[in-house]
Amino acid sequence: MQRIGVFVCHCGSNIAATVDVKKVVELIKLEPGVVHAEDYQYMCSEAGQEKIAVAIREKGLTGIVVCSCSPRMHEATFRKAAEKAGINPYMVEIANIREQCSWIHKDMEEATKKAVILARAAVAKVNLNAPLKPGESLVTKRALVIGGGIAGIQTALDIADAGYEVDIVEKTPSIGGRMSQLDKTFPTLDCSACILTPKMVDAAAHEKINIYTYSEVEKVSGFVGDFTVDIRKKARYVDMDKCTGCGVCQEKCPSKKAPSEFNRGLNKRSAIYTPFAQAIPNVPVIDADYCVKLKTGKCGLCEKVCQAGAIDYTQKDEIITQKYGAIVVATGFDVIKLDKYDEYAYSQSKDVITSLELERIMNAAGPTKGHLERLSDGKAPKNIVFIQCVGSRCSDNRGKSYCSKICCMYTAKHAMLIRDKYPDVNVTVFYIDVRTPGKNFDEFYRRAVEEYGVNYIKGQVGKVLPQPDGQLLVQGVDLIDNKQIKMEADMVVLAAAIEPESSVRKIATMLTASIDTNNFLTEAHPKLRPVESPTAGVFLSGVCQGPKDIPETVAQAGAAAVKVVGLLAKDKLLTNPCTAKPDELLCNGCSTCANVCPYGAISYEDKLINDHGIRETRRVASVNSALCQGCGACTVACPSGCMDLQGFSNRQIIAEVDAICR
Amino acid sequence: METAAKQADLIREISGVNPYKCMKCGKCSASCPSYNEMDIKPHQFVSYVLHEDIESLVNSKSIWKCLSCFACVERCPRDVKPGKLIDAARQLVVRQKGQDFLLADEIPELLDPDIPQQLLVSAFRKYKR
């Protein structure tokens, strides 16, 4: 029989205001095995933990039940306290009487009754607990960063600077990401390329960083400290070692009909291409969908003009298998598709563009060489209208429910840059709210209004009507003046909502990392663990976790790197001892458990079994406790009831149910 | 006549609209082709219901100037759909009066496959006066 101590926490008034803690103490003392029970204001405090230690010493306790918050919050705290006082940490059970009781009930009598029942179940379980000892697993001292934008680059640089090997996997032909497509950055208006390209070069030159561009993660297995990842290096058809990056192939390529991804499809590129001049690596790829040679077998011009002999039409995709201790997701974002927003005439007029397209138009390396002009006729615009919140803050089924966070600032930036460079252009911004929290952000927006004369109108645009003469009739509302406005514009710029890059769902599934309804990756704790995924060993960096601007992304990238370094600095990790264990006498070797195990942790072996004096060799299940995650699927599947989960045995769970139903 | 609060409840019930969802973007008024004819503008309809001033709504010109084109219903990003509120206010009035000007029997003749059904229903209600 165990000697159990029960400790009931008030959690200030969080629990005590709804649960009569004194009554819980009084009633739980009557339970079999309970030799000690007390309540305290904050069990998690040092004084509270000391109470547990004193009771263990003085009453000779062998098991502990703490009635408090969720085990996700403080189970580790109380296990550590018990271990320090000399009992096995797995002899501690938590009865969650906060999240699952006091917070969700109002009636004190009912809540107290429930708290007693929850405590009783925990006592019943501890009565059957056995001491468990965690195993150890080795840590592979190498990190994988998925995504080579500013988030991925910064995370990789910070991990590498701490002395660990990092691989970046980037699916496009170059690192740089969305930031490389931007012209200027707010609120300082420095040129995006000027601050990004040095970082790209740093990453490429770093001896600890290895970059796989034009590559995608194909398969992930393993667990924290010991992931095995298959990376598909897509066929580039160009030998990266031989290519000198001279660019002659791109000039000579006769197939120049592919839409340039980098310029958002606003102009064309050749079939053999680097996305932009500062691409890293400066090695082109051949787009098989547009290459005449790969499609018809004729042409081969790039091979003829390549002095280095780097073109190789026979290249195949290559799979690289590598081990990692930690994985960082930094997959970034894209702007939403606007096909559901017909009222803004995006698909009807070339002069209705997204803000990201405007970035390319304003950029010296863009489709118009940096000249602000209409894409339809090349004329200089005189009136430009910006429309905010296109697809953001929507609760209909067309858009996103969240605020995209960056649009107010980049629109102020665009408006200001246009007014600065082309003072005779009228700029009007239709807004719902201007949201500019951030250092020097509101000042920046006010400057657009006060110094640059940008016309901000509180109200939305209802529709944009392309006119026969090529003008755009904008019909909006000014809610302050209470007037409907009809104005002609030469260009309309839509602040389209941002959404996580579409590949993130596939990646999250491979990593078993949780993801929300908007495809943003979920953090382990929204306030206290914002850069960790609930899946151990998986970390989050940048917009894949939620909308954010460049300064926030860089800060989060650094935070994720610190978490990775903290993990890689360890030689060994303690594994969870709550793993499955077969009773070899009962096992009939049917393989059902191995088939349902999602972690491949169960194998079969022929073993000499002594079954009540009968010695014979039988095929029995064997669990690799380093791979087992304790999900319990095998215990339910096993037809002979031989699989059991340590710490959550069938007997323990039935005892809990019995205690609740008593 | 019921109390203002009861009338506001009735409008919410008839329209099925939750005016609290409004974020005051004004896209309804920006979309409205009949805006200049109206004394109470589409976006104001939402706040009149919120403030339970139904008296002003039922006495407004707007409920008869609304074309039931549903541009505001279609484009509202928050699913507030002011056109439905206007429609509900119209119904409040219609329910108190009698006399159908648009008879159900005449509807099939007016049918055009491109007309949304709900628009027909609205027109039917509107021209009852």
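**Group meeting: a look through a two-chain model**

N440(A) is exposed, because 11 other C-beta atoms lie within 10 Å of its own. The cut-offs behind that word are these: 20 or more other C-beta atoms within 10 Å is buried, 12 or fewer is exposed, and anything in between is partly exposed, with C-beta atoms placed from the backbone.

Before going on, some housekeeping. This is a predicted model, in which local features need pLDDT of at least 70 and side-chain atom pairs count only at pLDDT 80 or more, while totals for chains, interfaces and linings use all residues. Residues are numbered from 1 along each chain as its sequence is written, and chains are lettered from A and ligands numbered from 1 in the order in which they are written.

Back to N440(A). The loop that holds N440(A) runs between β22 (426–431) and α13 (441–450) of chain A. Helices here are DSSP runs of H or I with at least four residues, strands are runs of E with at least two, and both are numbered from the N terminus. The phi of N440(A) is near 65 degrees, which is positive in a residue other than glycine. Most residues other than glycine have a negative phi, and most peptide bonds are trans.

What is the phi of C389(A)? Phi is about 55 degrees there, again positive although C389(A) is not a glycine. C389(A) sits in strand β21 (residues 383–390) of chain A. C389(A) counts as buried, because it has 26 C-beta neighbours inside 10 Å.

Now the cis peptide bonds. One runs from F186(A) to P187(A), with omega near -5 degrees, and P187(A) is in the loop between β8 (184–185) and β9 (190–191) of chain A. Another runs from I280(A) to P281(A), with omega near 0 degrees. P281(A) is in the loop between β15 (272–273) and β16 (285–286) of chain A.

Next, chain A as a whole. Chain A contains 18 helices and 34 strands, and its C-alpha atoms fill a box of roughly 90 × 65 × 40 Å along the principal axes. Of its 662 residues, 45% are buried. Two residues are in contact if their C-beta atoms, placed from the backbone, lie within 7 Å. Taking contacts in chain A between residues at least 6 apart in sequence, 70% join residues at least 24 apart.

Which residues have the most contacts inside the largest nonpolar core? They are A143(A), V328(A), V329(A) and V492(A), in a core of 115 residues. A second, separate core has 44 residues, among them F7(A), V8(A), I28(A) and V92(A). Such a core is a set of buried Ala, Val, Leu, Ile, Met, Phe, Trp, Tyr and Cys residues joined through C-beta atoms within 7 Å.

Take V329(A) from that list. V329(A) lies in strand β18 (residues 326–329) of chain A and is buried, because 29 other C-beta atoms are within 10 Å. Leaving aside neighbours within four places in sequence, its contacts include I146(A), I507(A), L521(A) and C544(A). The C-alpha atoms of V329(A) and K506(A) are separated by 12 Å, and the two residues are 177 residues apart along the chain.

On to helix packing. Two packed helices are described by the angle between their axes and the distance between the axes. Axes are lines fitted to C-alpha atoms, for helices over the stretch in contact, and angles run from 0 to 180 degrees between N-to-C directions. Helix α6 (residues 150–161) and helix α15 (residues 550–568), both of chain A, have axes that come within 8 Å and cross at roughly 40 degrees. That makes α6(A) oblique to α15(A): under 35 degrees is roughly parallel, over 145 roughly antiparallel, 65 to 115 roughly perpendicular, and the rest oblique. Where they meet, α6(A) contributes residues including I150(A) and Q154(A), and α15(A) residues including V554(A) and A561(A). By class, this contact of α6(A) with α15(A) has 10 nonpolar, four polar and one charged residues. Ala, Val, Leu, Ile, Met, Phe, Trp, Tyr, Cys and Pro count as nonpolar, Asp, Glu, Lys and Arg as charged, and the others, Gly among them, as polar.

Finally, where the chains meet. The contact takes 19 residues from chain A and 18 residues from chain B. On the side of chain A that touches chain B, β24 (461–466) and β25 (472–478) each supply at least two residues. That side has six nonpolar, nine polar and four charged residues.
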